[in-house]
Amino acid sequence: MNAGAKRVLLTGNHAVAWGARLSRPKVIPVYPITPQTPVLELLTEFHAAGELDAEMLTPESEHSVMAACIPASLTGVRVFTATASQGLMLMHELLHYASGARAPIVMANVNRTIASPWAFWPDQTDSLAQRDTGWIQLYVESAQEALDSVIQAFRIAERVFLPVMINLDAFYVSHALEPVELPAQALIDAYLPPYAPQHFIDPERGESWGNVVSQDLYCRHRQDIGAAMDRVPAIAAQADQEWQRATGRGWGVIERYRCEDAELVIASLGSMCGTAREAVDALRADGHAAGLVKVRLFRPLPLAALRTALGGVRDVLVLDRNFSPGAGGVLHQELRAALYGMPSPPRVHGLLAGVGGVNVPPQKIVDLALAARNREPAAEPVWAN
Amino acid sequence: MGKLMRLEKLDLPEEPVLCSGHAACPGCIDALSARHVLSALGPDAVAVIPPSCMAIIAGAQPMSALRIPVYQPSLESSAAAASGLRRALDARGKQETHVVVLAGDGGTYDIGLQCLSSAAERNENILYVCFDNEGYMNTGAQKSSSTPHFARTGSTPAGKSSRKKNLIEIMAAHEIPYAATATAGFLPDLARKVEKAKALRGMRLLVLLVPCLDGWGVPEDQGIKVARLAVESGVFPLYEVEDGYRYTLNTAQKTRPVRDYLLAQRRYRNLEEHEIEALQREVDIGWARLQHRTQAELKTID
C-alpha cells in the first residue's frame with residue numbers, strides 16, 4: 001500500500017463519491033436516482049461536513065444538472081456529476097451539447113434498465129445508447145476500479161477537452177461492498193493538478209460560446225472533436241500507466257486475461273467480466289485455450305489494441321448485457337466492425353446475455369463458450385437467457 | 001387620442017454593451033430593450049442567451065454584438081445554465097460579476113419554466129430578463145403560453161382560445177426577492193428597475209413587454225407607441241413584487257380603453273365586438289386584483 005493510503009470497505013457508489021472528492025471538483029450539480037443516489041448522499045455529506053470545497057446544486061432534474069454542468073465547466077472549474085438510467089436518457093440532448101462545448105465534465109453513470117416498463121436491474125443499454133454523443137466512455141468492474149477511474153477520467157478529459165462517462169453496473173458494482181484502497185490526498189494532488197484551462201468565460205476576457213456558426217465552422221468543429229477522440233486511447237493508456245506507477249494499480253484501456261495462445265476469447269463490458277474471468281479459469285482447468293478481453297475504454301473504441309488482442313484468435317464470444325432492438329448487442333456490432341477487413345479475422349459470436357439484469361453464472365458462460373466453438377456465428381441477434 | 005404629444009429627450013446614462021451593426025429587424029424593440037438593460041447592468045456581467053431573437057441579435061460566431069461574454073444554452077435550460085455559470089464564478093471568487101439571462105417568452109413561459117422554477121426555489125443569484133413578445137417570433141410567429149387571448153399567430157390562425165399565462169404571479173409565488181414588469185415604452189422606468197434589480201442579490205425577474213413589429217403586425221415606427229398603449233390601457237400593467245408579497249403598481253390609473261391597443265395591431269384584426277368587450281373585462285378584473293394586492297399589502301405592513 002502507498003504511504004498515507006487507507007484500506008476501507010466501500011460500495012461502488014461510495015467509491016465513486018470518494019474518487020470525486022479526491023479530485024477536488026469545484027461545482028457539483030446532481031439529482032438522485034436509484035441506484036446512483038448513494039453517490040449524491042455521500043457527496044452532500046462530505047460537503048456538509050466541510051470536507052468538500054465545492055458549489056453543490058440540487059436542481060429539479062438531470063436535464064438541469066447537465067445544463068448547469070456545461071457552462072460551469074466552461075467558466076474554468078472542475079465539474080463532477082453522477083446519474084443512472086432515465087436520468088441519463090433525460091440528459092441526452094445535453095450530452096451532445098457538452099461534448100460540442102468541449103467541456104471536460106466527469107460523470108459516473110450507474111447502468112440500469114431503461115423504461116418502460118419500470119425496472120431497476122443492471123443493463124448497459126442506457127450508456128451504450130449514448131455512444132454517438134461525443135463522450136468518452138469507460139466501463140468498470142469493481143469499486144476500486146470505479147474510484148481509480150473517476151480520478152483518471154479528469155486527467156483524460158482535461159487533456160482532450162471532452163467529457164468522460166464512467167459506467168458501473170447497478171447493484172453488482174454500485175451496491176456491493178468491497179475492500180478499497182483510498183489513496184492519500186497528496187498523491188491525487190500530484191497526479192491531478194488544479195484545472196487551469198487557457199480559455200474560459202470571464203468578463204475580463206470576453207470569450208463566448210454557443211452562438212450560431214456557418215456550415216464550414218460547424219464541420220471543422222466536428223473534425224476537431226474527432227481529432228481529440230482519436231488521441232484518447234494513447235492518453236488514457238498513459239494516464240493509466242502513470243496511475244499504476246503512483247498506486248501500483250493499472251487497469252488498461254483493455255485488459256487481456258489469460259489470452260496467451262487462446263483459441264477462444266470472451267469479450268464484454270463491466271461486471272460481466274468478473275464472471276467471465278471465473279469461466280475462463282474453469283475452461284483453462286479443463287484444458288481449453290480460453291481467455292477474456294475486458295473492454296474498459298469503449299468510446300473511443302481502442303481499435304489497434306483490440307485488433308492486436310483478437311487477431312489470430314479462432315472464436316470471439318461477445319457477451320452483451322444490453323439490447324438494441326433490430327440490431328442486437330451493441331458491443332457485438334462494434335467489435336465486428338472493429339475487426340472487419342483483418343486478414344483471417346476471428347469468428348465473432350454475439351450473445352445477448354444478462355439483458356434486463358438476468359443472472360449469468362460462470363457455468364452458463366462456460367456452456368456458451370463450448371457451444372460457440374462448434375457453430376458458425378449467426379448474423380442475427382442470439383438470445384442466451 | 002387627438003392630443004398633441006410633447007417630445008422630450010430622455011437623459012439616460014449609457015454604457016455601450018450592445019454594439020451597433022447587430023442583426024435585429026429595423027425598428028426592433030427587442031434590441032432597444034436589450035441595449036438599455038445591458039447598459040444599466042454594465043460590463044462586469046456574463047449573458048446567458050438561449051435560442052431566441054436575442055440570440056440572433058447577439059450575432060454569429062466569431063463575431064458578437066455584445067461586449068460581454070455570451071453563453072448560449074439549449075432553449076429549455078437557461079435558468080439551469082445560468083445557475084451553473086453563477087456557481088462557477090462564485091467558486092472562482094467572482095461573486096460581484098452579474099449573470100444575466102436574456103431569454104424570450106417561449107424559452108421562459110413554456111419550455112424553460114421547469115428549470116426557472118427550480119432556480120427560483122434555490123434563490124440562485126441571477127437576473128433573469130424575459131423579452132416577452134408574446135409568441136415564437138424567431139420561428140415566424142407561433143403562439144406561446146404568453147400569447148394573449150384572441151391573438152392570431154401562425155399556430156392560432158382563428159385567434160388563441162385561452163388566456164396569457166401570468167408569469168409574474170407564478171414567480172412571485174416563489175417569493176423571490178424581486179419580480180417586475182417593464183417595457184421600452186417607458187424607458188426611465190425600465191432603467192430604474194434594472195438598477196434596482198442590480199443592487200439586489202438572489203433570483204430577480206424582469207418581464208419586458210416587447211411588441212414584435214412583424215409578429216404583431218405593427219408598422220416599423222410604431223413599436224414604442226404600441227408598448228405605451230399596452231401600459232396605458234392596463235393590458236400590461238407596470239408593477240413590482242418584492243419577496244412575493246410587497247406589490248407596487250407604478251401607474252395609478254388605466255387611462256385608455258383596451259380597444260385603442262387592439263386596433264393598433266394586425267394580430268387582433270377582425271375581432272368581434274363581444275371579443276373586445278371580453279378582453280376589456282379581463283383587463284378590468286386583472287387591474288382590480290392588482291389594486292387589491294397593493295392595498296392588502298399596505299394593510300399588512302402598516
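The exercises below, each followed by a worked solution, concern a predicted model.

Residues are numbered from 1 along each chain as its sequence is written, while chains are lettered from A and ligands numbered from 1 in the order in which they are written. Because the model is predicted, local features need pLDDT of at least 70 and side-chain atom pairs count only at pLDDT 80 or more, whereas totals for chains, interfaces and linings use all residues, and side-chain values use heavy atoms, with hydrogens and water left out.

**Exercise 1. Describe how α3(A) packs against α4(A).**

Solution. Two packed helices are described by the angle between their axes and the distance between the axes. Helices here are DSSP runs of H or I with at least four residues, strands are runs of E with at least two, and both are numbered from the N terminus. Axes are lines fitted to C-alpha atoms, for helices over the stretch in contact, and angles run from 0 to 180 degrees between N-to-C directions.

Step one is to take the two values: the axes of α3 (residues 62-74) and α4 (residues 85-100), both of chain A, come within 8 Å and cross at roughly 25°. Step two is to name the arrangement, and this angle makes α3(A) roughly parallel to α4(A), given that angles under 35 degrees count as roughly parallel, over 145 as roughly antiparallel, 65 to 115 as roughly perpendicular and the rest as oblique. Step three is the hand, which is right-handed for this crossing (left-handed if the near helix is turned anticlockwise from the far one by less than a right angle, right-handed if clockwise).

Step four is to look at the residues that meet, where contact means heavy atoms within 4.5 Å: those of α3(A) include Val65(A), Met66(A) and Ile70(A), and those of α4(A) include Leu90(A), Leu94(A) and Tyr97(A). The residues of this contact between α3(A) and α4(A) divide into 10 nonpolar, 2 polar and 2 charged (Ala, Val, Leu, Ile, Met, Phe, Trp, Tyr, Cys and Pro count as nonpolar, Asp, Glu, Lys and Arg as charged, and the others, Gly among them, as polar).

**Exercise 2. Describe in the same way how α6(A) meets α8(A).**

Solution. The axes of α6(A) and of α8 (residues 215-247) of chain A come within 9 Å and cross at roughly 135°, which makes α6(A) oblique to α8(A). The crossing of these two helices is right-handed. Among the residues in the contact are Ile151(A), Arg155(A) and Arg159(A) from α6(A), with Arg231(A), Ile235(A) and Trp243(A) from α8(A). Sorted by kind, the residues of the contact of α6(A) with α8(A) are 9 nonpolar, 2 polar and 6 charged.

**Exercise 3. Build up a picture of the interface between chain B and chain A.**

Solution. Gln61(B), Tyr71(B) and Arg87(B) supply 23% of the area that chain B buries against chain A, more than any other three residues.

Next come the 4 salt bridges across the interface. Arg87(B) forms a salt bridge with Glu55(A), the closest N and O atoms being 3.2 Å apart.

Finally, consider the helices: α3(A) and α3 (residues 78-91) of chain B pack at an angle of about 45°, with their axes 7 Å apart, and they are therefore oblique to each other. The crossing of α3(A) and α3(B) is right-handed. Ala68(A) and Pro71(A) are among the residues of α3(A) that meet α3(B), where Gly84(B) and Leu85(B) are among the partners. The residues of the contact of α3(A) with α3(B) comprise 8 nonpolar, 2 polar and no charged.

Definitions and conventions: Buried area = accessible area lost by both parts, 1.4 Å probe. Salt bridge = Lys/Arg side-chain N within 4 Å of Asp/Glu carboxyl O.
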